[in-house]
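Please examine the sequence and the three-dimensional model shown here.

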Amino acid sequence: MYKRLAILFRALIVATCVGSPQITRADVVLMMAEEPGCIWCARWNDEVGHIYPKTGEGRAAPLRRVDISEPLPDDLALARRVNFTPTFILLDDGAELGRLEGYPGDDFFWGLLGQLMDQHGVAYDKPEG
């Protein structure tokens, strides 16, 4: 009886860990699609760019910049073409999970990014308040 309980307990632990929707691997990144002369990209850089790596979101999904005037890197698989800059694409191992098109200002950016990360199970340290 003890042996069966031990096996059942181990199976339950494995099922719980495997079934977890949280993505915490280092291969999750936030790609910023940008292009030369993009004023909204420059605004994002001024308002968010310097703080992003220091945030929970930035630690969970480090920023990767891609210039859309250049060919798309071979290691990326996007759901569709990027038409607007900036476009922020949440990637897991190079595959698109979801995207935010445009930059609506820092107040909206953080909320929308948090929703995107929550929707796709990307674990990050959320700010208090």
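A nonpolar core is a set of buried Ala, Val, Leu, Ile, Met, Phe, Trp, Tyr and Cys residues joined through side-chain atoms within 4.5 Å. A residue is called buried when its relative accessible area is under 20%. The model considered here is a predicted one. Its largest nonpolar core has 20 residues, and those with the most contacts inside this core are L30, W44, L90, F109 and M117. The elements β1 (28-34), α2, β3 (87-92) and α4 each supply at least two residues of this core. The largest share, 4 residues, comes from α4. A second, separate core of 8 residues includes V29, V66, L76 and L91. M117, one of the residues with the most contacts inside the largest core, touches E57, A60, A61, L90, V122 and Y124, not counting residues up to four places away in sequence.

The elements that supply these residues belong to a wider arrangement. The protein contains 4 helices and 4 strands, and from the N terminus on its elements run α-β-α-α-β-β-β-α. Of its 129 residues, 36% are buried. Among contacts between residues at least 6 apart in sequence, 59% join residues at least 24 apart.

The strands may be considered next. Strands of a sheet pair through backbone hydrogen bonds, either parallel or antiparallel. Here, 4 strands form an open sheet in the order β2-β1-β3-β4, with mixed pairing. The edge strands, β2 (63-67) and β4 (95-101), each pair on one side only. On average, neighbouring strands of this sheet are turned by 25 degrees against each other, direction ignored.

In the order of the sheet, β1 stands between β2 and β3. With β2, β1 pairs in the parallel sense over 5 bridges; in this pairing M31 stands opposite R64 in β2, and E34 stands opposite D67 in β2. With β3, β1 pairs in the antiparallel sense over 6 bridges, and V28 stands opposite D92 in β3.

Helix α4 lies across β1, β3 and β4, running at about 155 degrees to β4.

How do these two helices lie relative to each other? The axes of α2 (residues 39-49) and α4 (residues 106-119) come within 10 Å and cross at roughly 75 degrees. An angle of 65 to 115 degrees counts as roughly perpendicular, so α2 is roughly perpendicular to α4. Where they meet, W44, E47 and V48 in α2 touch D106, F109 and W110 in α4. The residues of this contact divide into 4 nonpolar, no polar and 2 charged. W44 and F109, which take part in this meeting of the helices, are also among the residues with the most contacts inside the largest nonpolar core.

Note on methods
Residues are numbered from 1 along each chain as its sequence is written. This is a predicted model: local features need pLDDT of at least 70, side-chain atom pairs count only at pLDDT 80 or more; totals for chains, interfaces and linings use all residues. Side-chain values use heavy atoms; hydrogens and water are left out. Axes are lines fitted to C-alpha atoms, for helices over the stretch in contact, and angles run from 0 to 180 degrees between N-to-C directions. Angles under 35 degrees count as roughly parallel, over 145 as roughly antiparallel, 65 to 115 as roughly perpendicular and the rest as oblique. Contact means heavy atoms within 4.5 Å. Ala, Val, Leu, Ile, Met, Phe, Trp, Tyr, Cys and Pro count as nonpolar, Asp, Glu, Lys and Arg as charged, and the others, Gly among them, as polar. Buried means under 20% relative accessible area, exposed over 50%, partly exposed in between (1.4 Å probe, protein chains only). Two strands pair if DSSP finds at least two bridges between them.
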